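Hi there,

Here is the structure I promised to send over. Have a look, and my notes follow below.

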Amino acid sequence: MKKIIMLFFSLLFVATLVIGSQSDIVNHSSCPHCGMDRDKFSFSRMLLVYDDGSEIGTCSIRCAAVDMVNNLDKAPVTMMVGDYKTDELIDAESAFWVIGGKRPGVMSRRAKWAFAQRADAAAFIAENNGELATFEQALQATYSDLYEDTRMIRERRKARRARMATEQPTLNQ
């Protein structure tokens with residue numbers, strides 16, 4: 001009976017960890033800046049908690065940077081990011097970041113990925129290229145890329161709207 005009780009509490013503990021680690025996705029299912037599904041992009045998502053107690057969940061460091069620009073009067077006190085390898089939220093400032101490489105970024109031409117372990121970042125670089133960086137370097141690269149990324153997103157959305165307009169049948173048919 002003790003083994004069954006221990007097993008039950010062990011399973012309950014693991015379930016709590018799994019559910020707790022994804023609760024930010026439940027609370028913030030889509031990115032408020034681009035509309036992307038944060039569950040689908042759990043490996044790049046960010047969760048910001050500001051000094052006034054408000055919080056926001058974004059799909060990427062790019063959208064988190066946009067939010068920080070839009071909220072200059074609020075200071076982020078907690079910044080969490082999805083570990084690229086495990087999808088678990090980790091502290092963005094202590095993460096090992098990889099900038100660039102072969103894999104396309106989320107909402108950005110130049111990728112920015114976070115890893116909890118330096119070895120995971122190094123393995124990613126060995127396979128996909130890129131450069132090891134700190135959070136400050138990744139955020140600086142994000143701000144530097146913002147103009148080109150915004151232009152790219154606008155062009156993609158314009159092309160998608162044009163494609164949709166040509167694919168829709170007219171009412172006279």
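Leaving out residues up to four places away in sequence, L48 is in contact (heavy atoms within 4.5 Å) with S54, E55, I56, A64, D67, M68, T78 and M79. L48 also belongs to the largest nonpolar core, where M46, L48, V81, W97 and F135 touch the most other members out of 21 residues. Two or more residues of this core come from each of β1 (46–50), α3, β3 (76–82), β5 (96–99) and α5 (135–167); helices (H or I, at least four residues) and strands (E, at least two) are DSSP runs numbered from the N terminus. A second, separate core has 17 residues, among them F41, Y84, V106 and F124. By nonpolar core I mean buried Ala, Val, Leu, Ile, Met, Phe, Trp, Tyr and Cys residues joined through side-chain atoms within 4.5 Å.

Please keep in mind that this is a predicted model: local features need pLDDT of at least 70, side-chain atom pairs count only at pLDDT 80 or more, and totals for chains, interfaces and linings use all residues. Residues are numbered from 1 along each chain as its sequence is written, and side-chain values use heavy atoms, with hydrogens and water left out.

Best wishes

Technical notes. Buried means under 20% relative accessible area, exposed over 50%, partly exposed in between (1.4 Å probe, protein chains only).
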